[in-house]
Amino acid sequence: MASPFKWIDERVDLVGVRKALLDRKMPGGLTWFHTLGSASLTVFAVQVVTGIVLAMYYSPSPDHAYDSIRYLQDQVVSGSTLRGIHHWGASAMVVLVLAHMTRVFVMGAYKYPREINWLIGVVLLFIVLGFGFTGYLLPWDQKAYWATQVGTNIAGTAPIVGGIMVRLLRGGSQLGAATLARFYALHVLLLPLMLFIAVLLHLAIIVRQGIAPRTKALDADAPTRTSDAEYSAFYKKAYERSKGAGVPFWPDITTKDVVMGAAIVLILLQLARSFGAGLEPPADPTDSSYVPRPEWYFLPFFQLLKLVPGSMESFVAVGIPAVLVIVLVLLPFFDRKSTRSFSKRPLARASLLAIAGSCVLLVGASMAEDSAEAVAAETGRPLSNVQRAGRALYSAQGCGSCHAIGGKGGGTKEDAPPLTEVGLKHSGAWLHSFLENPLRFHPETKMPSFGPPTLSHQEIEEMTRYLVTLRGPNGDLKKPEFVDTFPPAPKSKE
């Protein structure tokens with residue numbers, strides 16, 4: 001009886017597939033920068049797997065979206081880590097795709113015969129940015145709601161079609177259930193399908209053309225322009241010559257790809273466990289005081305719009321993305337010089353330096369503004385009615401004049417510690433007792449007593465409920481380490 005492998009091979013030619021994909025010779029001298037493409041593919045796979053699990057718990061409606069995220073984080077085993085991996089994976093996708101395209105640009109690998117693959121790469125870049133934009137709204141917290149409000153408003157500044165674009169994105173004039181449903185459908189159905197097709201085409205062309213060699217392999221004795229009649233024959237000979245070292249795709253190149261992919265996954269896991277994904281209070285459309293901020297990869301564009309005069313905003317909002325798309329699409333068709341070495345392409349160096357420098361300056365300006373206009377972040381959990389009542393009492397009793405929370409409030413008294421993470425240090429029972437009579441715990445304390453008649457036992461309990469929510473940024477990921485010390489009970493009289 002034939003082995004299962006032989007039985008399958010006779011029908012689908014597994015040996016032929018292996019030879020076509022793995023038994024190939026690669027150009028010599030490939031660096032770790034050549035693994036950026038496979039690293040992007042690894043993160044894409046991570047996003048697919050984590051996204052499928054997240055979708056099993058997510059409810060795409062304004063009434064339940066936020067609660068479903070909280071349930072995932074608080075009740076599902078490793079749910080917080082899973083969401084953190086997906087969150088950091090989104091940023092990693094942007095970083096790796098941009099780094100991969102930068103590597104291709106620097107090495108001139110968008111030139112003949114790789115023009116089509118460059119165009120597919122441009123499509124992939126905008127699909128990845130689309131993932132970031134549509135995924136931002138899904139947690140339905142304050143940051144998600146108001147950042148999407150700003151993003152869709154920017155789309156609305158486009159001349160003539162602005163109003164149509166806003167209604168198309170929002171599903172109406174305002175952000176609501178229709179917006180969330182559309183963004184969810186785009187995020188989990190349309191964009192993954194587009195990305196999957198684009199990645200397949202990208203990989204098929206790479207298998208057909210091979211990995212781009214080092215620039216010096218194609219620069220020596222090359223015709224002046226890639227459009228010259230003799231360049232095609234030159235390229236074929238030069239590329240075959242670059243494979244003279246006989247570097248096999250399997251296992252040499254694939255080993256590098258696996259090592260890079262494993263490193264990326266470990267980094268994502270560590271970021272997820274250390275920082276989580278963050279979740280602000282539920283979206284409140286009436287809170288006009290909230291200052292929205294987009295994800296870091298949209299910050300340069302966001303900051304640029306803030307710097308231009310209002311009369312120029314529409315022009316910049318539409319003109320900059322349009323120019324960027326046109327330049328990226330036309331680049332391989334205008335740059336026909338055969339020189340690929342970055343050191344011999346002064347215009348390419350100046351362009352990349354100008355774009356990278358501008359982005360760094362704009363991000364720096366945005367971060368400086370954030371620091372100057374910083375408002376104390378919510379350092380606790382979303383509050384229930386009882387906890388809100390406790391926060392109101394905290395404010396009414398002037399506690400903020402001595403104690404700071406999240407860098408806000410506080411005075412000069414050395415014996416008034418900050419309460420940013422008090423919920424991780426003391427239990428509710430200890431806080432309640434301490435608020436009632438601090439002198440029992442510390443005879444020298446200047447902390448006033450809030451016991452009756454200052455506050456009722458119910459009011460002290462409300463304030464206690466508020467204080468135990470204070471766990472600092474990403475407090476849900478931290479394990480409380482209580483340092484409660486109760487005074488000895490008073491001796492009864494004999």
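How are helices H7 and H8 oriented to each other, roughly parallel or roughly antiparallel? In this predicted model, H7 and H8 are roughly antiparallel. Their packing angle is about 150 degrees, and angles over 145 degrees count as roughly antiparallel. The axes of the two helices lie 7 Å apart.

**The H7 and H8 contact**

Helix H7 covers residues 142–156, and helix H8 covers residues 162–170. From H7, the contact uses Gln149, Thr152, Asn153, Ala155 and Gly156. H8 brings Gly162, Gly163, Met165, Val166, Leu169 and Arg170. By type, these contact residues divide into four nonpolar, six polar and one charged.

**Aromatic pairs**

The model holds 20 aromatic pairs. Two of them are set out here.

| Pair | Centre to centre | Angle between planes | Type |
|---|---|---|---|
| Tyrosine 112 and tyrosine 231 | 5.8 Å | 80 degrees | edge-to-face |
| Tryptophan 296 and tyrosine 297 | 5.1 Å | 80 degrees | edge-to-face |

The pair of tyrosine 112 and tyrosine 231 links distant parts of the chain, 119 residues apart. Tyrosine 112 sits in the loop between helix H5 (79–106) and helix H6 (115–137). Tyrosine 231 belongs to helix H11, residues 231–242. Tyrosine 112 is partly exposed, at 24% relative accessibility. Tyrosine 231 is buried, at 0%. Both tyrosines belong to one aromatic cluster, together with Phe234, Tyr235 and Tyr239.

In the other pair, tryptophan 296 is partly exposed, with a relative accessible area of 37%. Tyrosine 297 has 13% relative accessibility and counts as buried, because the cut-off for buried is under 20%.

**Charges over rings**

Two arginines sit over phenylalanine rings. Arginine 24 lies over the face of phenylalanine 249, 4.7 Å from the ring centre. Arginine 345 places its charged end over the ring of phenylalanine 105, at 5.4 Å from the centre.

**Leucine 195**

Where does leucine 195 lie? Leucine 195 is part of helix H9, which covers residues 177–209. Leucine 195 is buried, with a relative accessible area of 2%. Which residues is leucine 195 in contact with, leaving aside its neighbours within four places in sequence? They are Phe44, Met93, Leu124, Ile127 and Phe131. Glycine 319 is 124 residues from leucine 195 along the chain, and their C-alpha atoms are separated by 26 Å.

Note on methods:
Residues are numbered from 1 along each chain as its sequence is written. This is a predicted model: local features need pLDDT of at least 70, side-chain atom pairs count only at pLDDT 80 or more; totals for chains, interfaces and linings use all residues. Side-chain values use heavy atoms; hydrogens and water are left out. Rings of Phe, Tyr and Trp (its six-membered ring) pair if their centres lie within 6.5 Å; planes under 30 degrees apart count as stacked, over 60 as edge-to-face and the rest as tilted. Helices (H or I, at least four residues) and strands (E, at least two) are DSSP runs, numbered from the N terminus. Buried means under 20% relative accessible area, exposed over 50%, partly exposed in between (1.4 Å probe, protein chains only). A charge sits over a ring if NZ of Lys or CZ of Arg is within 6 Å of the ring centre and within 35 degrees of the ring normal. Axes are lines fitted to C-alpha atoms, for helices over the stretch in contact, and angles run from 0 to 180 degrees between N-to-C directions. Angles under 35 degrees count as roughly parallel, over 145 as roughly antiparallel, 65 to 115 as roughly perpendicular and the rest as oblique. Contact means heavy atoms within 4.5 Å. Ala, Val, Leu, Ile, Met, Phe, Trp, Tyr, Cys and Pro count as nonpolar, Asp, Glu, Lys and Arg as charged, and the others, Gly among them, as polar.
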